[in-house]
There are 2 protein chains.
Amino acid sequence: MALSKSPYRGTRDFFPKDMRGRNYIFKKMSEASERFAYEPYDGPMLEEVDLYRAKSGDELINDQIYSFTDRGEREVAIRPEMTPTVARMVAQVHRELPKPIRWFSIPNLMRYEKPQRGRLREFWQYNADIFGAGQEGEVEILQLAVELMKSFGATGDHFEILVNDRRFVDFVFEGLIGLEPGPTKKLYKLVDAKNKMPPEKFAAEVRSLTEDEGKAKTFEAFVNLASMADVRRFVDAVFADVSVSDLHHFKSSAPVAVSSHVTPLFKIFEKIEAAGIGDYVRFDPSIVRGLDYYTGLVFEIFDKHPENRRAIAGGGAYANLLQIFDEAALEGVGMGLGEVPLTDFLVTHNLLPDFSKPELDYLVAAFNPEGEATAAEIATKLRRQGLKVEHYLGSAKPKKIFNYSDRKNIKYLVFVTETELKLRDMATRTETTVTLQELTEGKR
Amino acid sequence: MALSKSPYRGTRDFFPKDMRGRNYIFKKMSEASERFAYEPYDGPMLEEVDLYRAKSGDELINDQIYSFTDRGEREVAIRPEMTPTVARMVAQVHRELPKPIRWFSIPNLMRYEKPQRGRLREFWQYNADIFGAGQEGEVEILQLAVELMKSFGATGDHFEILVNDRRFVDFVFEGLIGLEPGPTKKLYKLVDAKNKMPPEKFAAEVRSLTEDEGKAKTFEAFVNLASMADVRRFVDAVFADVSVSDLHHFKSSAPVAVSSHVTPLFKIFEKIEAAGIGDYVRFDPSIVRGLDYYTGLVFEIFDKHPENRRAIAGGGAYANLLQIFDEAALEGVGMGLGEVPLTDFLVTHNLLPDFSKPELDYLVAAFNPEGEATAAEIATKLRRQGLKVEHYLGSAKPKKIFNYSDRKNIKYLVFVTETELKLRDMATRTETTVTLQELTEGKR
């Protein structure tokens with residue numbers, strides 16, 4: 001039986017047209033990052049499994065990770081995400097580096113998924129993180145996210161950033177509803193699933209988590225908050241309604257709870273407005289980012305197209321990532337953006353250029369064997385000027401060369417005939433006779 | 001116990017200074033490839049193990065490959081080289097594509113090695129291949145190799161390309177010495193090891209493979225060929241000396257053996273001279289590239305530095321790579337160049353720029369909180385011009401900002417003071433007072 005020509009399930013072959021598209025996307029990511037002074041980094045494709053276990057517990061390890069035991073009996077995994085690696089790397093150097101630390105990366109990652117639209121087993125993910133910058137860093141990451149999206153030609157008609165704050169969520173779930181961490185996790189999951197179930201089912205699910213009708217109503221009021229004005233009214237109503245002792249999970253008093261758990265959300269929206277990106281950002285209580293390590297801002301970039309209503313990217317602020325390395329706390333803010341959902345977004349909105357043909361400055365061809373050496377010489381000299389030059393190997397009849405040149409985006413075609421050199425401008429379809437010197441010394 | 005901060009054995013963390021170096025090297029590789037009209041491609045990080053088994057047999061699989069069984073019981077491996085992947089991809093599309101097909105890639109690969117100088121478990125490898133171009137393709141790949149090396153500032157003082165031809169080697173080993181494929185493989189290994197053993201040991205090893213003193217002497221004459229002039233004399237002497245019936249492994253006559261097995265080597269050197277790269281290329285009988293799939297030209301790029309006398313890259317021509325997919329033969333020529341030995345080479349010859357500091361166009365900072373909003377606005381506006389701008393978050397005293405700016409290569413520093421905007425040219429160390437408009441609309 002012949003060997004399969006297909007790539008491994010859930011992975012892709014990037015033929016040149018695909019690779020030009022990928023390079024275009026990665027270049028935009030790098031350029032946007034560099035405009036914000038983010039520095040490039042990368043880590044290994046394999047990490048020891050303990051790193052992921054320390055960060056995410058056993059759940060991710062068991063379900064999605066590509067892990068195996070190496071020949072030296074080390075348990076290793078192909079990286080399923082970049083955050084543990086960046087935390088490990090920052091832990092090595094953060095004491096010597098001036099703050100803030102701004103880093104970005106575009107690693108290839110693997111997860112054992114059932115392949116489907118927007119989800120593959122191997123994919124690349126843009127990661128940007130800022131460490132040691134507090135809430136200013138939260139705003140900067142959002143600005144970077146907006147500028148990155150805009151650099152692809154996307155506008156506020158195409159995407160929006162949905163924002164929430166884990167401190168505010170904790171204030172509602174733990175402070176107001178008064179749940180222990182275990183049931184709180186279930187509320188998180190319920191928020192995530194809200195838009196996928198009918199209201200009655202949602203109401204029933206809420207009541208299966210708390211028998212207190214007042215708390216159930218508080219939770220429902222929370223998930224229906226549609227704007228920062230709603231949040232303001234909700235918070236005011238809460239404090240008109242509850243006494244300090246009701247906030248039983250906050251050891252401190254209500255004012256302290258407000259300043260530590262509610263104020264940051266209002267502050268971030270003030271800063272978002274001041275930074276001029278208010279039109280792209282909206283409060284959304286359903287953005288909670290289930291992962292344990294977020295401790296402040298959480299956000300997702302959403303496609304606004306009704307037929308592709310999905311998250312393209314997500315991120316947030318975290319205070320304790322270095323803890324697993326016994327390092328002092330260093331607050332960070334990060335975002336991750338996968339090229340698969342980004343590409344779906346760009347295709348949906350027709351924002352990707354055509355990459356089907358390669359771009360060349362020159363195709364140099366000889367019509368007969370006597371001209372081959374001259375063609376080779378011209379190609380070499382044009383390349384020395386930094387130009388992209390295809391040397392048509394050997395020689396061929398004009399028609400064959402013309403047909404061949406149709407498969408590529410070529411600016412100029414150079415023919416070596418028996419008697420002369422002809423330069424054809426492929427855009428204007430005009431031909432001129434040139435000398436070798438004119439051609440190779442840029443003297444036209 | 002705290003979690004380890006080190007990367008997995010034999011892999012590297014690329015901190016920004018390392019990553020800038022890697023990006024520099026990859027950019028040179030891409031640019032040189034594009035000047036020769038090679039198109040970018042990539043394949044998956046994982047392939048099914050059968051692909052490697054079909055190409056290399058069980059040897060590579062057992063010793064060096066990172067293989068494991070996935071959750072769906074598929075036997076997969078992290079790619080240890082790119083050639084099987086490019087063959088698989090070309091097998092999918094070669095019937096529709098105009099020839100020649102010119103492709104390049106810079107994949108990350110993994111091999112289970114004992115880490116040492118020039119050899120790591122994870123590394124990146126530049127790969128360039130041309131399919132369907134015959135011997136013209138062999139010369140073009142060598143030209144590309146020379147231009148790539150030169151693009152780093154390397155000259156013929158730093159490197160040389162050692163060339164041989166597998167057809168010529170087979171002519172000597174099978175035709176003249178008359179060994180079967182098994183012992184021939186041992187001769188290949190002996191050639192590889194020649195420079196690592198004293199002459200007497202080498203002579204003894206040769207004689208352990210053949211009892212015929214004439215054949216042993218032929219082999220010794222072969223391994224001592226130092227130039228194409230030597231090869232000419234060797235071939236002439238052979239045909240003066242042997243009768244046609246001595247070439248018993250060639251079913252054909254001596255003239256045919258010459259045209260199919262000896263002429264190509266002379267032809268390639270003619271073409272190398274005509275292409276103007278003769279100064280970089282030298283015949284070397286010890287370059288045999290043990291891998292089975294080479295069938296024509298074989299070459300290695302060598303560092304000429306006496307303290308780093310090692311191969312940086314290797315490659316050759318192959319006729320039968322698509323066979324394992326039941327596809328018609330498509331001749332190809334390829335090269336692989338690892339970034340680890342290349343970096344050692346560039347460091348040895350002091351050819352790498354300093355990447356220790358990030359390059360920025362502007363650092364924008366406020367001296368006091370009142371100036372922060374203005375600083376943010378300036379940063380945003382400068383970025384819209386495509387400039388690389390670091391926004392100094394918050395505000396700080398001049399001295400602190402100056403110290404901070406020393407850690408980066410910054411062209412201009414913008415201060416927002418209580419009363420004015422100051423622009424400091426970091427190269428000339430001069431300061432001027434500017435207006436917001438002058439600064440952000442490029443009207444200086």
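Author: Helices (H or I, at least four residues) and strands (E, at least two) are DSSP runs, numbered from the N terminus. Pro100(A) lies between two such runs of chain A, in the loop from helix H4 (83–93) to strand S5 (101–105). This is a predicted model: local features need pLDDT of at least 70, side-chain atom pairs count only at pLDDT 80 or more, and totals for chains, interfaces and linings use all residues. Residues are numbered from 1 along each chain as its sequence is written, while chains are lettered from A and ligands numbered from 1 in the order in which they are written.

Reader: What kind of peptide bond joins Lys99(A) and Pro100(A)?

Author: A cis bond, with omega of about -5 degrees. In chain B, a cis peptide bond joins Lys99(B) and Pro100(B), and omega is again about -5 degrees. Pro100(B) sits in the loop between helix H4 (83–93) and strand S5 (101–105) of chain B.

Reader: Why is Met45(B) called buried?

Author: Count the C-beta atoms, placed from the backbone: 20 or more others within 10 Å of a residue's own make it buried, 12 or fewer make it exposed, and a count in between makes it partly exposed. Met45(B) has 24 others within 10 Å, so it is buried. Its place is the loop between strand S1 (39–40) and strand S2 (46–48) of chain B. Leaving out residues up to four places away in sequence, Met45(B) touches Met45(A), Asn108(A), Met110(A), Glu122(A), Ile78(B) and Arg79(B).

Reader: Why is Lys5(B) called partly exposed?

Author: Lys5(B) has 19 C-beta neighbours inside 10 Å, so it falls in the in-between class. This residue belongs to the segment before helix H1 (16–35) of chain B. Setting aside neighbours within four places in sequence, Lys5(B) is in contact with Arg88(A), Ala91(A), Gln92(A) and Phe325(A).

Reader: How do you know that Asp326(A) is exposed?

Author: Asp326(A) has 11 C-beta neighbours inside 10 Å, so it counts as exposed. The residue has a positive phi of about 60 degrees, although it is not a glycine. It lies in the loop between strand S11 (311–318) and strand S12 (332–338) of chain A. In chain B, Asp326(B) also has 11 such neighbours and counts as exposed. Its phi is positive too, at about 60 degrees.

Reader: What puts the buried residues of helix H9(B) on the same side?

Author: The buried residues of helix H9 (residues 213–223) of chain B are Thr218(B), Phe219(B) and Phe222(B). They cover an arc of only 95 degrees around the axis, so they share a side. The arc is taken from the directions from the helix axis to the C-beta atoms. An α-helix has 3.6 residues a turn, so residues three or four places apart point the same way. On the other side of H9(B), Glu213(B) and Lys217(B) are exposed.

Reader: What makes a set of residues a nonpolar core?

Author: Its members are buried Ala, Val, Leu, Ile, Met, Phe, Trp, Tyr and Cys residues, joined through C-beta atoms within 7 Å. The largest such core has 130 residues; Val90(A), Leu142(A), Ala145(A), Val364(B) and Ala375(B) have the most contacts inside it. Helix H5 (residues 134–151) of chain A gives the most to this core, with eight residues. Apart from it lies another core, of 104 residues, including Ile410(A) and Val191(B).

Conventions
Contact = placed C-beta atoms within 7 Å.
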